[in-house]
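Here is a short briefing to read alongside the model. Please keep the viewer open as you go through the points.

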Amino acid sequence: MPVEVTWWGHATCTIEDSGIRVLTDPLFVRRFAHLRRRRGALPGPEAAVADVVLVSHLHSDHLHLPSLARLAPGTRLVVPVGAVRSVPRLRAMGSAHGLRITEVAAGDTVRIGEVRIRAVPALHDGRRLPMGPHRSPALGYVVEGEARTYFAGDTGLFDEMAQAVGPVDVALLPVGGWGPNLGHSHLDPGRASQALARLAPRSAVPVHYGTYWPIGMDGVRPHEFHSPGDEFVRKAALLAPEVAVHRLSHGERVRPEAAA
């Protein structure tokens with residue numbers, strides 16, 4: 001069966017490959033901190049069904065403890081090395097909810113059934129903000145089963161990206177954020193298109209845009225919220241025309257290789 005990808009919003013995706021459900025950076029709330037969900041219905045209970053959950057880094061919109069509490073007991077939770085020490089509540093919550101926590105660094109692999117998950121580096125501040133120490137790296141992951149699917153998490157563009165990630169068939173790339181300012185440790189549509197040209201997958205799905213926005217800032221550079229998906233499609237067609245890009249709506253799924 002071909003790999004299937006569902007985008008639930010922000011960086012939250014389900015990757016189904018070889019009978020294994022892989023969930024990324026689950027965020028299942030309408031509002032948290034200074035952000036509110038402005039597009040897409042909240043994911044239903046089926047979104048929290050997973051054999052393994054991948055957390056890319058410790059920012060609260062990627063390591064969100066109330067969303068992790070929705071996982072079924074026994075779910076494997078893969079987090080960057082140092083996460084348990086940096087976020088003490090994570091260990092307590094893992095024990096209370098029966099989650100099996102595995103810490104990984106870039107280069108480590110975890111096997112779940114017929115799927116191998118390989119942690120790869122990312123260019124991003126991975127610590128728990130605003131005051132967390134630099135104890136935990138930001139990571140991406142390559143899910144290897146019938147296909148090789150790269151989930152970038154949050155990252156900037158870096159010279160060794162293609163070498164560090166390796167050959168992939170599908171790339172889930174962040175193309176925006178949750179506010180009007182993106183630094184070089186993020187991918188915007190232009191940098192994401194450059195990353196796509198370097199990685200040269202067969203298919204790509206833009207993520208991490210058009211979902212959450214700061215409360216009271218609806219009128220501040222709204223194009224940064226609405227347009228990154230379409231901008232990525234346009235720029236990818238110029239820089240990586242051989243790659244099939246699938247811009248999904250919230251909750252929509254695709255079999256990228258079958259649709260390519």
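Tyrosine 150 touches Val120, Tyr141, Val142, Thr155, Met161, Val165, Val168, Val170, Ala171, Leu172, Leu173 and Leu199, leaving aside residues up to four places away in sequence; contact here means heavy atoms within 4.5 Å. Along with Tyr141, Tyr150 has the most contacts inside the largest nonpolar core, which has 51 residues. Please note that the model is predicted: local features need pLDDT of at least 70, side-chain atom pairs count only at pLDDT 80 or more, and totals for chains, interfaces and linings use all residues. Residues are numbered from 1 along each chain as its sequence is written, and side-chain values use heavy atoms, with hydrogens and water left out.

**Cores and burial**

- A nonpolar core is a set of buried Ala, Val, Leu, Ile, Met, Phe, Trp, Tyr and Cys residues joined through side-chain atoms within 4.5 Å.
- Apart from the core of 51 residues lies another, of 21 residues, with Phe28, Ala48, Val55 and Leu71 among them.
- Of the 260 residues in the chain, 57% count as buried (buried means under 20% relative accessible area, exposed over 50%, partly exposed in between, with a 1.4 Å probe and protein chains only).

**Overall build**

- The chain has eight helices and 17 strands; helices (H or I, at least four residues) and strands (E, at least two) are DSSP runs, numbered from the N terminus.
- Its radius of gyration is 17 Å, close to the 18 Å from the globule rule for 260 residues, so the chain is as compact as a globular protein of that length. The radius is taken over C-alpha atoms, and the rule is 2.2 Å times the number of residues to the power 0.38.
- Taken along the principal axes, the C-alpha atoms fill a box of roughly 50 × 45 × 35 Å.
- Among contacts with a separation of 6 or more, 68% come from residues 24 or more positions apart.

**The seven-stranded sheet**

- An open sheet with mixed pairing runs in the order S8-S7-S6-S3-S2-S1-S17; two strands pair if DSSP finds at least two bridges between them.
- S8 and S17 (253–254) stand at the edges with a single partner strand each, so one side of each has no neighbour in the sheet.
- Strand S7 (residues 76–80) is largely enclosed by the rest of the structure, because five of its five residues are buried.
- On one side, S7 pairs with S6 (residues 52–54) in the parallel sense over three bridges, and valine 52 stands opposite arginine 76.
- S7 also runs parallel to S8 (residues 100–104), joined by five bridges. Here valine 78 stands opposite threonine 102, and proline 80 faces valine 104.

**Aromatic pairs and a charge over a ring**

- There are three aromatic pairs, counted when rings of Phe, Tyr and Trp (its six-membered ring) have centres within 6.5 Å; planes under 30 degrees apart count as stacked, over 60 as edge-to-face and the rest as tilted.
- One of them joins tryptophan 7 and tyrosine 209, with ring centres 5.2 Å apart and planes at 10°, so this pair is stacked.
- Tryptophan 7 lies in S1 (residues 4–9) and tyrosine 209 in the loop between S14 (203–207) and S15 (212–214), so the pair ties together parts 202 residues apart in sequence.
- Tryptophan 7 is buried, with a relative accessible area of 1%, and tyrosine 209 is buried at 3%.
- Another pair, phenylalanine 32 with tyrosine 212, is edge-to-face, at 5.9 Å centre to centre and 75° between the planes.
- That pair links phenylalanine 32 in S4 (residues 31–32) to tyrosine 212 in S15, 180 residues apart; both residues are buried.
- Arginine 38 lies over the face of phenylalanine 225, at 4.7 Å from the ring centre. For this, NZ of Lys or CZ of Arg must be within 6 Å of the ring centre and within 35 degrees of the ring normal.

**Backbone spots worth a look**

- Histidine 10 has a positive phi of about 55° although it is not a glycine. Histidine 10 is in the loop between S1 and S2 (12–17) and counts as buried at 2% relative accessibility.
- Aspartate 25, also not a glycine, has a positive phi of about 35°. Aspartate 25 sits in the loop between S3 (20–24) and S4, where its relative accessible area is 0%, so it is buried.
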